[in-house]
Amino acid sequence: MNTDKLVRMANQIGAFFATEPDHAVAVESVTSHIRRMWEPRMRAGLLAHVAETGGAGLSPLVLEAVTANRERLASLTPRNPT
Amino acid sequence: MYSLKVPDAGTKPSAGPALVTVEIDGTLIAVPEGTSVMRAATEAGVRIPKLCATEMLEAFGSCRLCLVEIDGRKGYPASCTTLVAPGMKVKTQTPKLAELRRGVMELYISDHPLDCLTCSANGNCELQEMAGVVGLRQVRYGYEGLNHLKAKKDSSNPYFTLDPAKCIVCSRCVRACEEVQGTFALTIDGRGFASLVATGTNDFMSSECVSCGACVQACPTATLVEKTIEDKGQPDHVVNTICAYCGVGCGFRAEMKGSEVVRMVPEKDSKSNEGHSCVKGRFAWGYATHPDRVKTPLIRKSIHDPWQPVSWEVAMAHAASEVKRIQAAYGRGAVGGITSSRCTNEETWLVQKLIRAGFGNNNVDTCARVCHSPTGYGLKVTLGESAGTQDFISVEDADVIIVIGANPTEGHPVFGSRLKKRLREGAQLIVVDPRATDLVRSPHIEAKYHLQLRPGTNVAVANALAHVIVTEGLADDAFARARCEVGDYENWRTFVSEARNSPEATESITGVPAAAIRGAARLYATAKNGAIYYGLGVTEHSQGSTMVMAIANLAMATGNVGRPGVGVNPLRGQNNVQGSCDMGSFPHELPGYRHVSDPAVRAAFETNWAVNLDPEPGLRLPNMLDAALDGSFKAIYIQGEDPAQSDPDLHHVHAALSAMECVIVQDLFLNETAKFAHVFFPGSSFLEKDGTFTNAERRIGRVRKVMPPLAGKADWEVTVAFAKALGYEMDYAHPSDIMDEIAGLMPTFTGVSYEKLERLGSIQWPCNDAAPEGTPIMHIERFVRGKGKFALTEYVATDERSTDRFPLLLTTGRVLSQYNVGAQTRRTHNSQWHPEDVLEIHPHDAEQRGIKHGDLVVVASRKGDTRLHADVTERVAPGVVYTTFHHPESGANLVTTDYSDWATNCPEYKVTAVQVRLARAAERAESAAAAAGK
């Protein structure tokens with residue numbers, strides 16, 4: 001996936017939640033939005049970017065959310081038992 | 001007028017609360033107070049002759065045919081304009097009345113061509129019928145005197161003719177244009193014998209007529225008649241169905257001869273349109289049988305090869321083998337699909353089911369991605385349901401109406417007429433739009449405030465409105481604290497109260513004078529009923545979802561939710577955008593807007609569909625295109641959409657489609673996307689299948705098949721066959737079986753069935769045990785999410801900035817006569833009104849560039865350039881230019897960017913920084929040659 005675009009999209013999400021007065025809620029909201037709305041390869045692309053560059057171009061809020069919730073963003077929801 | 005004898009009581013029903021009993025020809029009848037004698041008689045089974053009266057219009061009392069005698073009253077009052085009174089005794093048939101009526105008819109017929117046998121209205125002419133009813137046997141005045149029999153017929157309109165020789169000057173057409181459509185294009189010119197219906201110009205085509213067809217429908221003779229009726233004669237049967245154009249979802253009578261449509265007439269009992277129509281639904285249905293329709297499946301190895309016609313079986317087998325090959329080579333997630341907002345709910349359901357159950361992933365998206373996905377997101381977050389709150393008729397109770405980023409008289413014309421009617425009755429209007437739309441000022445309509453903001457600053461305007469409402473104490477605190485999350489409300493109050501959100505502070509950002517913002521906020525907040533209607537001018541921004549939430553905030557803060565006349569009302573683009581979203585077309589949600597990660601929701605589908613479903617969100621369409629360019633997405637099944645024309649940054653879209661190994665397109669025509677396709681499944685028009693559409697007011701209505709599918713299969717049958725070829729069986733005998741499955745799996749649809757739709761006509765979801773006949777207005781006692789949620793809506797400027805190099809902001813929209821990418825309307829006579837897309841530019845900007853009206857100009861952005869002819873107009877403000885995207889040649893989306901909404905990736909069509917210059921001689925020659933070649 002185009003990393004620049006992923007960074008831009010993530011920063012847009014961060015910009016929306018940045019107004020949240022409770023910082024912990026803002027971090028959780030950014031994480032939850034990316035986790036619930038982004039397909040796994042997009043999340044993997046963002047995580048790889050953070051791993052490779054330390055999060056170049058990401059806003060502090062997004063970088064904090066991604067760094068603090070790396071495993072949650074990387075994980076896959078288990079399928080229902082068949 | 002309607003063919004095939006649709007009952008017409010002559011005047012509108014009265015909503016008077018008290019009943020009044022009257023005696024008509026010896027029969028007692030109780031009717032609501034305010035009912036006309038004519039309507040009361042009809043309800044008593046007594047038919048009074050009439051010509052100028054029809055229940056689609058207000059009573060007029062000009063034809064003098066409906067005279068009656070009333071005990072205790074002098075003379076012979078017209079029954080259409082006389083209201084019932086307690087104890088009234090009416091006689092409708094007396095020797096004197098018969099004499100008077102015959103006398104009136106003699107006068108009419110003395111100036112009317114006696115060509116009934118060859119007249120196009122033969123068998124469906126009220127004048128002819130009334131002559132029979134009154135027993136006309138002679139015309140004592142003869143036919144030799146002054147008359148209008150040689151008056152010139154006006155055939156300039158492509159869809160209907162005006163023959164003044166047959167006009168009885170009943171004014172029904174003039175009144176229909178005024179009362180129903182609200183255009184005021186017609187008048188009665190002259191006085192007495194010289195009276196004639198006139199357009200104010202030389203002919204219909206050069207007039208202000210918008211060809212809605214209301215005048216033709218109202219005409220009791222063949223004075224105004226459809227050319228298809230002139231050509232084909234009267235229909236022999238009728239099938240009720242729904243228009244396939246915009247999100248109003250008008251009900252229509254398809255008047256047929258065998259399997260051929262003779263004409264489409266708006267259905268008066270349809271609650272979405274109540275007997276009105278626009279030029280598209282009424283007349284522009286000829287595309288369904290256009291010679292360009294593809295009737296045979298096509299395949300090819302490479303997009304550079306010619307198409308090979310094949311059987312359905314070969315096409316299915318080829319498409320399925322390609323999908324399997326690609327998944328085996330690149331993984332299950334390398335394929336996906338797009339559902340269509342032009343297809344039925346049942347068809348959309350099947351496509352998402354095919355992708356989730358057959359492809360085994362959630363890579364499903366829909367064209368709502370590029371229009372109203374922010375509505376789905378924003379209203380779900382704030383109110384708890386991804387849909388508008390009201391029914392259309394709600395506008396009749398609105399006192400102050402805000403229209404934001406919508407142009408209903410062009411994009412949703414039948415609702416636009418309803419809205420204008422309410423404005424003529426006295427409701428106040430606020431328009432928030434960079435462009436001066438017709439609503440800002442048109443005959444008998446004038447917006448109290450036009451907040452002509454800079455493109456991209458919606459959220460700043462909404463926050464400024466909220467600032468005034470909160471800081472001036474205009475909020476409905478009691479409502480907000482009782483019905484909404486109090487903590488969020490308090491946070492929001494604090495946020496919008498900050499000085500940076502004041503109208504004075506935002507004026508430099510938005511370009512809207514602070515005084516206008518303050519006035520508009522006070523007007524809306526103090527209204528008894530304030531309603532907000534919005535369109536793509538809200539959603540197609542990088543802050544589209546934020547603005548939807550800001551709108552919901554305004555409605556909640558002022559208590560304008562949960563009753564008639566108020567609410568948050570998205571005007572949906574395509575006919576079934578609401579339905580396609582409801583049916584699970586988003587990659588993160590199963591049908592009914594339930595997240596794919598919910599194991600209980602998945603389990604219900606898994607049991608019914610006998611598969612194990614992917615619990616991870618899939619790719620959205622823009623993500624699919626990006627993934628195609630990085631090599632991880634290789635095949636796509638696109639039903640009834642044309643992203644190669646409709647999506648932004650077309651160079652990027654074309655490159656992505658070209659990078660795929662298998663593109664499967666299902667459509668009526670070889671559209672722009674088909675240029676990149678390897679498999680083409682011929683689609684079926686709305687006339688060729690059964691199903692349901694859901695309009696912008698959540699109204700589910702029946703689409704009924706009136707002719708066999710031209711290619712042999714309805715779209716739902718194609719998806720079933722494709723699934724079977726992939727090895728996933730779908731077992732349905734009829735779309736009603738699919739609806740039964742939907743009702744079994746969607747909590748908001750549990751009460752919906754074809755049987756109930758037949759009985760009720762239409763149903764607004766939610767329809768379940770709690771609301772067995774549907775839900776016209778939502779959130780009455782409580783919000784769907786429990787408590788309403790105020791979101792903090794910080795204004796964030798778009799990354800797309802105007803600069804010295806690109807100093808103008810381009811925004812886009814639609815025109816009345818064309819629809820979306822124009823695939824349908826360009827194949828009708830509608831192109832006579834809009835043969836090409838043009839660029840609107842303010843005279844100041846044009847003068848600076850040496851551009852005159854009609855000049856060919858080059859529009860260049862950071863993404864690309866295109867050429868359009870200039871329309872120099874003050875509709876747009878200095879610094880803003882505007883165009884439409886109905887013609888592929890104009891390439892509007894060659895210049896739009898890939899910036900998108902933060903929450904949903906809805907593209908930012910509405911803001912593109914551009915430069916405009918006069919085309920050079922070589923460019924003009926090139927464009928002229930291309931036009932000639934076309």
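Buried residues account for 66% of the 934 residues in chain B. Keep in mind that this is a predicted model.

**Stop 1: chain B on its own.** Now look at contacts within chain B. Of those between residues at least 6 apart in sequence, 72% join residues at least 24 apart.

**Stop 2: the contact.** Bring chain A back. Select the residues that touch: 30 come from chain A and 46 from chain B. Together the two chains bury about 3000 Å², with 51% of that on carbon and sulfur atoms. Next, pick B:N612, B:E616 and B:W902. These supply 22% of the area that chain B buries against chain A, more than any other three residues.

**Stop 3: the polar links.** Zoom in on A:R35 and B:E616. Their side chains form a salt bridge, 2.8 Å from N to O. Between chain B and chain A there are five salt bridges. Residue pairs in polar contact number 20, both partners at pLDDT 80 or more.

**Stop 4: the chain B side.** Color α15 (486–497), α19 (544–557), α21 (599–609) and α22 (621–629) of chain B. These are the elements giving two or more residues to the side that touches chain A. The largest share, four residues, comes from α21(B). Finally, color this side by class: 18 nonpolar, 16 polar and 12 charged residues.

Definitions and conventions. Residues are numbered from 1 along each chain as its sequence is written. Chains are lettered from A and ligands numbered from 1 in the order in which they are written. This is a predicted model: local features need pLDDT of at least 70, side-chain atom pairs count only at pLDDT 80 or more; totals for chains, interfaces and linings use all residues. Side-chain values use heavy atoms; hydrogens and water are left out. Contact means heavy atoms within 4.5 Å. Buried area is the accessible area (1.4 Å probe) that two parts lose on being put together, summed over both. A salt bridge is a side-chain nitrogen of Lys or Arg within 4 Å of a carboxyl oxygen of Asp or Glu. A polar contact is a pair of N or O atoms within 3.5 Å; within protein, one must be able to donate a hydrogen and the other to accept it, and residues adjacent in sequence count only if both atoms are side-chain atoms. Ala, Val, Leu, Ile, Met, Phe, Trp, Tyr, Cys and Pro count as nonpolar, Asp, Glu, Lys and Arg as charged, and the others, Gly among them, as polar. Buried means under 20% relative accessible area, exposed over 50%, partly exposed in between (1.4 Å probe, protein chains only).
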